[in-house]
Amino acid sequence: LFSYIFCGVFASLASLSLLAKGTVSIGASGAVFGLFVVSTLGRFSLRDLDWRKVVEVAVLGEFVFRQLASEISTAANGGTRGINHVAHLSGAAAGALMVFVMKFTVTKYEQRTQRNG
């Protein structure tokens, strides 16, 4: 739930700040794109390489990569009227940011805990 709200709010704020004034944006697609990225990157860990996890990340990651590549290509070519590409891409960026910050924080906490015994 936190991931969904974080990615959705981030995507909405990016849309408000980057799109033309008066642009109306309704929907949860930014949050959904963020969840795509969170579900892929959250499962990936170099510490815990299990073949099942690698296959899962590869399959899900391929889908996510294809969606993001399509979104970037469409946005770079002028976009599609009625679709908020800014929300999609910024939601995905928010998901990646959240996963990297959380993994960094957990790693630092574990290192500190191991040093202090």
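1. Ground rules. Residues are numbered from 1 along each chain as its sequence is written, and side-chain values use heavy atoms, with hydrogens and water left out. Since this is a predicted model, local features need pLDDT of at least 70 and side-chain atom pairs count only at pLDDT 80 or more, while totals for chains, interfaces and linings use all residues.

2. Glu71. You'll find Glu71 in helix H3, residues 51–76 (a helix is a DSSP run of H or I, at least four residues, numbered from the N terminus). Is Glu71 buried or exposed? Glu71 is buried (under 20% relative accessible area, with a 1.4 Å probe and protein chains only). Still, Glu71 has no salt bridge (a side-chain nitrogen of Lys or Arg within 4 Å of a carboxyl oxygen of Asp or Glu). Arg66, the nearest side chain of opposite charge, is 12 Å away (Lys and Arg count as positive, Asp and Glu as negative; His and the chain ends are not counted).

3. A partner for Glu71. Which side chain makes a polar contact with that of Glu71? His88 does, at 2.9 Å (a polar contact is a pair of N or O atoms within 3.5 Å; within protein, one must be able to donate a hydrogen and the other to accept it, and residues adjacent in sequence count only if both atoms are side-chain atoms).

4. Val99. Now look at helix H4, residues 85–116, where Val99 sits. Val99 counts as buried because its relative accessibility is 6%. Val37 is 62 residues from Val99 along the chain, yet their C-alpha atoms are 8.6 Å apart.

Notes. Helix = DSSP H or I, 4+ residues; strand = E, 2+ residues; numbered from the N terminus. Buried < 20%, exposed > 50% of the residue type's maximum accessible area, 1.4 Å probe, protein only.
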